Amino acid sequence: MPDAATSASTAPDIDLLDAPCRALAEAADAVGEAARYASGLAFGARLPAAALARGGRTRLGWRTLLRTLTDPSGLGWAPRGRGVARAGRLAGILAGRESLAISIAVCGLKARIRAASAGHPELFDDPGAAAVLGAVGAGRQGEAVRLFRAIMRERGAEHAFALLAPSFADILAWHALTDANPFNDHAGWQVATGRAETAEPALGLGAAFWAFCDRGPGLPEGTAETGASPTRGPARRRVTDRPHRSAPRPAGGLSGHAAALRTHAFRLYGVAGTREWHGRETEVLRAEVTRLAARCATAAGGLALAAAQLQDQ
């Protein structure tokens with residue numbers, strides 16, 4: 001294995017990796033908002049009542065909307081929101097049903113972890129950090145969390161956070177979004193999308209907790225006074241350093257959300273072809289992003305068809 005100095009000289013520029021990671025986070029947010037809007041229509045009171053009473057194109061549009069919200073090749077299991085939609089989402093989580101929004105968010109988290117490790121090849125010199133990043137690279141998020149917690153127990157939380165400062169919040173968020181516990185998804189979603197929201201205390205950790213844990217570049221990159229480490233040189237900007245975003249503006253009905261998803265599908269296809277991703281598992285990551293882009297386009301088509309049938313232009 002080359003030494004840290006040689007590896008650092010060949011590592012990809014973190015600034016170039018920022019755009020693909022941001023595109024994945026924004027696509028996940030857009031898919032989540034589209035699913036929330038569609039769920040509000042499909043599981044609300046007005047549209048089902050009209051569909052059952054009138055039939056015709058209204059009923060056809062409602063059925064199209066329900067299929068779109070549960071299509072494994074598109075949105076996956078996508079109910080979001082309150083009431084029946086919330087109950088459906090919880091049932092889907094407990095049953096292990098997959099959601100496109102969560103899959104894109106998790107893919108973005110993995111990309112950010114890869115980018116952070118690419119910018120800090122010296123992390124692989126530490127056996128504990130190498131084991132955690134190896135588990136992440138292999139897609140074993142549960143094992144990565146267990147290894148990270150083992151480092152905390154054996155060496156202390158300060159050392160663990162300092163060692164994996166660029167990645168530990170993303171690792172924990174990945175685990176929160178993919179475990180069987182539906183009540184910690186909110187915290188993981190905040191980290192994955194950068195959305196500034198207030199979490200209900202009973203349903204997970206709020207953004208303030210993650211902001212507290214994820215402040216600054218961490219001890220391995222140097223102190224605030226020097227900005228450098230005696231062994232690792234100047235601190236580099238982290239891919240995950242970005243301000244929290246507020247809620248996006250409404251896209252203008254089903255057709256607006258369909259157009260937004262179509263745009264994000266094209267962006268994800270571009271992300272899959274980016275040249276800044278190097279190293280192991282790169283082709284696997286590209287293939288995953290390509291599949292997610294195709295599903296995003298399929299979901300856009302379903303929403304556009306439902307909009308036309310419901311005359312929701």
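A crossing is left-handed if the near helix is turned anticlockwise from the far one by less than a right angle, and right-handed if clockwise. The exercises below apply this and related terms to a predicted model, in which local features need pLDDT of at least 70 and side-chain atom pairs count only at pLDDT 80 or more, while totals for chains, interfaces and linings use all residues. Residues are numbered from 1 along each chain as its sequence is written, and side-chain values use heavy atoms, with hydrogens and water left out.

**Exercise 1.** Describe how H4 and H14 pack.

Solution. Helices (H or I, at least four residues) are DSSP runs, numbered from the N terminus. Axes are lines fitted to C-alpha atoms over the stretch in contact, and angles run from 0 to 180 degrees between N-to-C directions. The axes of H4 and helix H14 (residues 282-310) are 8 Å apart, at an angle of about 165 degrees. Angles under 35 degrees count as roughly parallel, over 145 as roughly antiparallel, 65 to 115 as roughly perpendicular and the rest as oblique. H4 and H14 are therefore roughly antiparallel. Their crossing is left-handed. Contact means heavy atoms within 4.5 Å.

**Exercise 2.** Classify the packing of H13 and H14.

Solution. Helix H13 (residues 253-272) packs on H14 at about 165 degrees, with the axes 8 Å apart. H13 is therefore roughly antiparallel to H14. The crossing is left-handed. Its contact residues divide into 21 nonpolar, four polar and two charged.

**Exercise 3.** Classify the crossing of H3 and H4.

Solution. The axes of H3 (residues 46-54) and H4 (residues 56-69) come within 7 Å and cross at roughly 135 degrees. The two helices are therefore oblique to each other. This crossing is left-handed. Among the contact residues are Leu-47 and Arg-54 of H3 and Arg-59 and Trp-62 of H4. The contact has seven nonpolar, two polar and two charged residues.

**Exercise 4.** Which ring does the charged end of Arg-80 sit over?

Solution. The test requires NZ of Lys or CZ of Arg within 6 Å of the ring centre and within 35 degrees of the ring normal. The charged end of Arg-80 sits over the ring of Trp-189, 4.8 Å from its centre.

Notes. Nonpolar A, V, L, I, M, F, W, Y, C, P; charged D, E, K, R; others polar.
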